[in-house]
Amino acid sequence: MRALSVPLEEAKENLRVIRQTMERSTRYTTLSGWSGVLIGIMAIACVFMTRAQVESLQVQHLGLRSGILGIAVLWMSALVAAVAIDFGCNKWRAARVGKHVVSRLGAHIILAALPAFVTGAVLTIFLFENNLIFPIWGAWMLCYGLAICAVGLFSIKPVSFLGAAFVVSGAVTLLLPMPYHYFMMGLTFGGYHIVYGLLMARKYGW
Amino acid sequence: MVALPSYVTLIESVDSIDEVIHQKVRLGIMSALMACGEADFRFLKEALNVTDGNLSIHLSKLEEAGYVLSTKEFVRKKPRTTYTPSDRGREAFTSYLGALEKIVQSAG
């Protein structure tokens with residue numbers, strides 16, 4: 001009976017190795033360093049444009065609410081552009097490493113991130129309708145961070161760290177006075193993406 | 001006490017284990033290739049956490065057995081070798097998986 005238990009334990013162990021290796025191998029590995037850098041630069045540009053818009057509203061003695069729609073459209077456009085940049089760069093990189101960027105795994109990733117993005121949109125509308133403009137930036141960081149954390153479940157660890165950084169920064173932003181929110185937007189959507197892109201490029205290539 | 005039919009199934013399953021695949025690194029290579037369909041040397045090295053030499057030896061054994069096919073090309077003047085499981089390799093891996101499952105099932 002002792003001799004029969006050896007192949008049994010070995011079989012269980014080998015099945016475990018097979019399962020773990022397959023899980024590890026199907027993780028999202030087509031990430032492009034260029035994607036992070038370009039998205040970060042675009043985000044910093046959006047922060048400057050946002051600040052200019054807000055200062056223009058203040059000069060005209062108009063409240064932030066009157067211009068928030070334009071600012072929201074700016075950042076929603078930036079989000080769409082960021083997704084397009086990310087897809088394009090990853091597709092370019094996927095072809096170089098011999099993989100497909102659109103796959104069943106990619107579909108799972110989109111589904112995982114979608115709830116957080118939808119929540120962000122709903123929160124934005126709620127905060128705007130109730131004239132609570134102040135927390136919008138922090139809420140965006142929190143929701144974006146949650147989306148990235150969800151993507152991180154299917155990907156490498158740095159993606160999860162990026163998501164966690166956004167969540168923590170979003171929480172911190174909500175506690176800071178309004179003038180610091182521009183800095184936090186630039187630091188997170190700009191700086192974090194650029195640093196992440198450079199780290200990805202260094203580890204996995206452009 | 002193990003019932004006779006299960007005992008016989010267990011012995012038969014153990015005897016049918018493919019010794020080429022039945023090695024930790026080679027099993028990992030076949031698992032990774034079956035999951036991805038295709039992978040290069042660097043990807044396999046990172047996924048399996050083995051040295052260059054170790055990986056090369058086991059890839060050679062799998063190629064000799066006809067379980068893995070390799071394609072060599074140059075990408076930006078750098079050599080790149082891509083590995084895919086052959087049809088024979090896929091069948092062998094599927095059979096190996098079946099044998100493992102029979103061993104586990106026959107033990108109750």
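## Chain B overall

The accessible surface of chain B comes to about 6,200 Å², and carbon and sulfur atoms account for 53% of that area (Shrake-Rupley method, 1.4 Å probe). This is a predicted model, in which local features need pLDDT of at least 70, side-chain atom pairs count only at pLDDT 80 or more, and totals for chains, interfaces and linings use all residues. Residues are numbered from 1 along each chain as its sequence is written, chains are lettered from A, and side-chain values use heavy atoms, without hydrogens and water.

Of the 108 residues in chain B, 40% are buried (under 20% relative accessible area, 1.4 Å probe, protein chains only).

## Order of elements

Chain B contains five helices and three strands (DSSP runs: H or I of at least four residues for helices, E of at least two for strands). Along the sequence the pattern is α-α-β-α-α-β-β-α. Among contacts between chain B residues at least 6 apart in sequence, 57% join residues at least 24 apart (contact means heavy atoms within 4.5 Å).

## Helices α3 and α4

In chain B, the axes of α3 (residues 41–48) and α4 (residues 52–64) come within 10 Å and cross at roughly 110° (axes are lines fitted to C-alpha atoms over the stretch in contact; angles run from 0 to 180 degrees between N-to-C directions). Therefore α3(B) is roughly perpendicular to α4(B) (65 to 115 degrees).

B:Phe41, B:Leu44, B:Lys45 and B:Leu48 of α3(B) meet B:Asp52, B:Leu55, B:Ser56 and B:Leu59 of α4(B). By class, this contact of α3(B) with α4(B) has five nonpolar, one polar and two charged residues (Ala, Val, Leu, Ile, Met, Phe, Trp, Tyr, Cys and Pro count as nonpolar, Asp, Glu, Lys and Arg as charged, the others as polar).

Note on methods: Angles under 35 degrees count as roughly parallel, over 145 as roughly antiparallel, 65 to 115 as roughly perpendicular and the rest as oblique. Buried means under 20% relative accessible area, exposed over 50%, partly exposed in between (1.4 Å probe, protein chains only).
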